[in-house]
Each structure stands twice: as C-alpha cells, then as structure tokens.
Amino acid sequence: MSARIQLVNLVPTAVKAMMGLESYLGGSDIPFILKELIKLRASMINGCAYCIEMHAEAAMAEQESPQRLLALAAWRESPLFDERERAVLALTDEVTRIDEQGLSEETYQRALGLLGETLLAQCLMQIVTINAWNRIAVATRMEHRRS
C-alpha cells in the first residue's frame with residue numbers, strides 16, 4: 001500500500017481540536033471500560049484495525065478479559081455484557097450505522113433510562129468521536145505501532 005498524508009503534519013489545528021474532544025471525554029463520567037467497549041465496537045463496525053488494536057490493548061491493560069473483547073463481535077448473543085453495557089452497545093451500533101435507520105426511539109429511551117441525560121450525552125459524544133477517528137485512520141491508512 002502506498003503512503004498517505006499525515007493529518008497531524010498538514011492540519012495540526014484540526015487534529016488539536018480532535019484531541020480537545022479526547023481530553024473532554026477523558027474527564028467525562030463514562031467508566032474507562034465502557035469507553036473502550038464503545039471504541040472497540042464502533043471500530044469493528046468501521047473496519048478500523050488501527051483503533052481496534054489500540055483500544056484492545058488499552059482495555060486489556062486495565063484487566064478487561066480477552067473473552068469479552070472477542071464477544072463484542074456478537075454482543076447481542078453473548079451473556080458477558082450487563083444491561084447498561086448492552087444499552088450502550090446498541091446505541092453505538094445504531095449511531096455508527098446511522099444511515100441504516102437512524103437512532104431508534106427504543107434504543108434511545110432504553111439508554112436514557114439506564115444512563116440518564118448527562119451520561120447519555122457523554123456516550124453519544126464518545127461514539128461520534130471514535131467514528132471520526134475511525135474515518136481518519138482508515139482514510140489515511142494509519143498503522144498501529146505496538147508498544
């Protein structure tokens with residue numbers, strides 16, 4: 001594959017703005033593992049190997065089980081996720097695949113009931129942000145450097 005542009009070198013102010021979102025989300029009320037589940041699930045849907053590798057490593061560093069991470073591919077059928085995680089994963093799926101049906105009222109209301117307004121808003125921002133990062137990484141063919 002041919003090398004592609006590196007946004008950080010060409011539009012550093014835009015990348016800095018994206019990092020501002022990351023900084024905000026880092027201080028949000030979303031528990032770390034739930035953030036990583038959002039990031040991994042959206043990245044799986046979007047086919048973003050760079051982000052999958054990065055966030056799987058981060059989740060496992062915080063003692064998340066590889067079994068649960070693998071089960072994300074079939075989370076609806078897996079007994080490994082609790083009700084709140086399922087609500088957030090459904091939200092992640094529908095927002096990531098927004099072109100298919102939008103965000104259904106059922107999914108929205110379930111998430112609102114389990115998360116409340118503020119945490120729901122923060123989860124939506126996390127989903128939107130990882131989807132933006134996925135698109136950047138896939139479009140520029142970013143490669144994960146293992147630590």
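## Helix α2

Val-15, Met-18, Glu-22 and Leu-25 are the buried residues of α2 (buried means under 20% relative accessible area, exposed over 50%, partly exposed in between, with a 1.4 Å probe and protein chains only). They share one side of α2 because they cover an arc of only 65 degrees around the axis (the arc is that of the directions from the helix axis to the C-beta atoms). The face turned away from that buried side carries exposed Thr-13, Lys-16 and Ser-23.

This is a predicted model: local features need pLDDT of at least 70, side-chain atom pairs count only at pLDDT 80 or more, and totals for chains, interfaces and linings use all residues. Residues are numbered from 1 along each chain as its sequence is written, and side-chain values use heavy atoms, leaving out hydrogens and water.

Helix α2 spans residues 12–26 (helices are DSSP runs of H or I, at least four residues, numbered from the N terminus). Its 15 residues reach 20 Å from first C-alpha to last, close to the 21 Å expected at 1.5 Å a residue (1.5 Å times one less than the number of residues). Cover for its buried residues includes α1 (7–10), α3 and α8.

## Helix α4

Helix α4 holds residues 49–61. Its buried residues are Tyr-50, Cys-51, His-55, Ala-56 and Ala-59. They pack against α3 (32–46), α5 (66–71) and α8 (105–139). Just after α4, Gln-63 takes a positive phi of about 75 degrees.

## Ala-42

Ala-42 lies in α3. Ala-42 counts as buried because its relative accessibility is 0%. Leaving aside neighbours within four places in sequence, Ala-42 contacts Thr-92, Thr-96, Ile-130, Asn-131 and Asn-134 (contact means heavy atoms within 4.5 Å).

Note on methods:
Helix = DSSP H or I, 4+ residues; strand = E, 2+ residues; numbered from the N terminus.
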